[in-house]
Amino acid sequence: MENKDLQNENDTIKNEENELRIKQIGFFKKVWYSITKIEKYPEMAAQGVGRALSYLTKLVVCIALVLCIGMIYQTHNLAKQGVEYLQNNFPEFSYKEGTLKVESEEPIEIPQAPIAGKIIVDTNTENEEQINQYINKIGDTESGIVILKDKVLIKNAAVAGTISYLYEDTLKSFQISEFNKQDVINYVNSGKIITLYVSVFLTIFIYAFVIYFLTTISNAIFLSVFGFITTYLARIKMRYAAIFNMSVYALTLSVILNILYIAVNIFITFDMQYFQVMYVSVAAIYLVAAILILKTDFMKKQMELMKIVEAQDVIRKQLEEKAKKEEEERKRKTREGKEKEQKDKSKNKENNKEEKDNNVGEEPEGSNA
């Protein structure tokens with residue numbers, strides 16, 4: 001009983017030490033473990049859904065930061081090269097009260113502008129069908145911009161979909177209500193453009209964070225359902241929350257590859273056709289590997305438990321045989337003791353009888369007198 005209590009106490013201390021050690025794992029160490037030590041997934045998943053979501057949020061922040069830095073870099077280069085184009089090749093334009101007007105009867109198309117890609121300018125149309133055609137045109141390239149009378153549509157190879165900015169909402173924070181071509185040139189050449197960079201950074205960061213967070217968490221849910229089916233087929237009983245947590249950590253390498261993809265697109269624009277398929281496939285491989293490792297560990301522990309049970313059965317049988325032999329030995333000794341006692345009694349009776357017979361056969365003293 002004392003040994004069992006001591007063992008339980010040791011197990012409790014060991015579990016507390018493991019829990020403390022897991023809690024102390026930092027973000028970057030988790031990233032490293034998620035990529036190189038799949039066997040750590042169950043331990044990290046045991047921390048709970050809250051820590052997994054916190055980890056996922058930090059990953060998304062990294063993506064958003066890289067995207068923002070890239071967009072600011074591209075915006076800076078575009079501003080420098082765009083000023084020269086405005087001065088020499090672009091017609092006069094003006095902006096007032098949320099409406100941009102370019103003095104051109106026909107739409108302006110710039111097939112391959114530096115960094116921005118294809119640019120289409122049409123401040124005369126409000127036809128949604130025509131606008132969709134413009135979006136489809138820039139969709140044929142890696143990136144592009146559609147400039148309309150009240151908003152600008154931006155497509156970037158690093159971001160899924162098209163980003164839309166209303167002039168009035170964007171310029172209101174700068175307290176800009178009107179400007180013309182020369183005002184833009186003067187503004188870009190002044191130090192005030194830093195304010196524009198900050199605004200672009202914050203706007204893109206919020207947009208990118210929301211989009212990538214929703215995308216990443218939806219991928220994690222998809223993977224967790226896939227993982228739940230895998231555990232069912234592997235005959236492993238796991239809570240869905242634990243599978244979801246493991247799915248979050250399994251997405252780590254895919255997210256890092258996405259960050260690298262965005263970073264490369266800052267300098268070299270290209271489109272990887274099956275990137276999303278690779279994104280999900282890599283995460284699925286990590287999750288399945290973690291489940292199989294867990295299955296292997298479970299089988300090893302089960303075999304060890306079976307060996308312990310078999311050893312306990314052998315020891316129990318040996319103890320039973322030993323107890324049986326001791327009982328038989330005790331009974332034998334008891335039986336021998338009783339037999340000896342009976343023999344001693346019988347011998348005493350015979351000795352008493354002989355003494356009595358001897359006394360009867362003797363004559364009393366003085367009988368001859």
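**Aromatic contacts and burial in the predicted model**

Lys40 lies over the face of Tyr33, 5.4 Å from the ring centre (a charge sits over a ring if NZ of Lys or CZ of Arg is within 6 Å of the ring centre and within 35 degrees of the ring normal). The model is predicted, so local features need pLDDT of at least 70 and side-chain atom pairs count only at pLDDT 80 or more, while totals for chains, interfaces and linings use all residues. Residues are numbered from 1 along each chain as its sequence is written, and side-chain values use heavy atoms, with hydrogens and water left out.

A search of the whole structure finds 9 aromatic pairs (rings of Phe, Tyr and Trp, the last by its six-membered ring, with centres within 6.5 Å; planes under 30 degrees apart count as stacked, over 60 as edge-to-face and the rest as tilted). The ring centres of Phe27 and Phe28 are 5.2 Å apart and the planes stand at 70°, so this pair is edge-to-face. Tyr95 and Tyr167 also form an edge-to-face pair, with 6.1 Å centre to centre and 85° between the planes. Tyr95 belongs to strand β1 (residues 93-96) and Tyr167 to helix α6 (residues 167-172), so the pair ties together parts 72 residues apart in sequence (helices, H or I of at least four residues, and strands, E of at least two, are DSSP runs numbered from the N terminus). Both Tyr95 and Tyr167 are buried (buried means under 20% relative accessible area, exposed over 50%, partly exposed in between, with a 1.4 Å probe and protein chains only).

Phe27, Phe28, Tyr55 and Tyr249 form one aromatic cluster. Within it, Phe27 is buried at 16% relative accessible area, whereas Phe28 is exposed at 68%. Tyr249 is among the buried residues of α9. In this helix (residues 240-250), 9 of the 11 residues are buried, so α9 is largely enclosed by the rest of the structure.
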